[in-house]
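Take a walk through this fold, from the whole chain down to a single side chain. Begin with the surface.

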Amino acid sequence: MRVLRLSHVVAPNTPKGQALEHFAQLVERYSQGRIRVQIYPQSTLYGDADEVQALQFGAVHFIAPSLSKFGRMGLPEFELFDLPYAFDSLEQVRRVMDGVPGQLLLERLQRNGVHGLGYLHNGFKHMSAQHALLTPNDYLGLRMRIQPSRVLADQMQALGASPVALSFGETYPALQRKVVDGTENTASNFWTQKLQRVQSDLSLTGHGYLGYAVVTQQRFWENLPNNERALLDQAMRDALQWGNTLALEHERSSLQALRGTTALRVHTPGAAQTQALRRALLPVRQQLAQRIGSVWMDLLTEALHS
Ligand code: SIN
């Protein structure tokens with residue numbers, strides 16, 4: 001029997017956790033028990049800081065980093081997905097993933113010896129701190145935990161906050177010890193990491209997207225027997241398609257749970273407040289265009305309106 005290791009950083013009961021669990025079940029079923037995928041969730045095997053290297057060394061076979069974590073692999077174009085207020089819906093994100101920019105990005109992974117298997121949704125991010133974050137003024141002077149993405153750093157700076165890049169696993173302890181004042185994440189990550197215990201206010205800004213690319217080591221993938229590679233590819237396609245239907249339901253149930261948490265105040269920005277946030281964040285787009293070239297911004301715009 002072949003045993004393959006899959007490592008990720010979030011809780012099992014999240015869109016990513018469930019989709020990857022489904023992948024493991026499908027692999028077992030399609031291979032009639034000849035291939036098993038052993039899953040290590042919640043950074044128990046590798047965390048944000050070492051999972052890519054572990055994949056490149058062949059210590060783990062599959063990882064699913066958030067798209068915000070590919071910039072530091074020398075692929076800043078992935079940060080297109082981090083642009084604030086770039087997407088109105090998951091359907092728009094899907095168009096970009098299935099379109100030219102999304103497919104070009106998966107191909108670019110090969111420069112790092114990595115093979116992209118597909119994309120997976122989590123959902124839209126919201127802002128949290130110890131007070132409501134509804135207008136740019138509310139962010140002044142705050143230290144905000146971000147993922148290691150230049151776009152996310154520029155986003156926080158544009159709002160007058162100081163970005164602090166920390167791994168996912170470090171976020172709860174850093175908020176608890178007040179090393180940082182606030183953060184941004186999706187409702188399902190917020191709820192399953194229990195951030196409501198260390199943050200008193202969640203503002204439903206929905207300003208940015210969080211999703212994943214599931215990847216494997218290129219050499220391992222190419223050296224697999226054809227029938228096994230086809231089986232794993234099919235299982236991943238089926239699991240991602242299934243998993244991509246989960247995001248909205250997770251968003252709904254996690255938000256409901258968060259709204260029911262008495263120690264947490266949940267705020268919704270009004271139209272004028274969202275307008276002010278959008279305006280403050282406009283320069284972030286130009287900053288990214290300068291780094292990756294306006295061709296990528298054009299590809300994004302074309303895919304959004306395709
Ligand atoms: C994840 O969803 O994989 C983690 C995102 C984060 O680091 O905030």
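Accessible areas here come from the Shrake-Rupley method with a 1.4 Å probe, and for residues only the protein chains shown count as cover. On that basis the protein chain has an accessible surface of about 12800 Å². Carbon and sulfur atoms hold 49% of that surface.

The model is predicted: local features need pLDDT of at least 70, side-chain atom pairs count only at pLDDT 80 or more, and totals for chains, interfaces and linings use all residues. Residues are numbered from 1 along each chain as its sequence is written, and side-chain values use heavy atoms, with hydrogens and water left out.

Now the overall build. The protein chain contains twelve helices and nine strands; these are DSSP runs, numbered from the N terminus (helices H or I, at least four residues; strands E, at least two). Along the principal axes, its C-alpha atoms fill a box of roughly 55 × 45 × 30 Å. Of the 306 residues, 56% are buried, meaning under 20% relative accessible area, with exposed over 50% and partly exposed in between (1.4 Å probe, protein chains only).

Next, zoom in on H131. This residue sits in the loop between β4 (114–129) and β5 (143–146). Its relative accessible area is 33%, so H131 counts as partly exposed. Leaving aside residues up to four places away in sequence, H131 touches D138, L142, S200 and D201. The H131 side chain also comes to 2.9 Å from the backbone oxygen of D138.

Note on methods: Contact means heavy atoms within 4.5 Å. A polar contact is a pair of N or O atoms within 3.5 Å; within protein, one must be able to donate a hydrogen and the other to accept it, and residues adjacent in sequence count only if both atoms are side-chain atoms.
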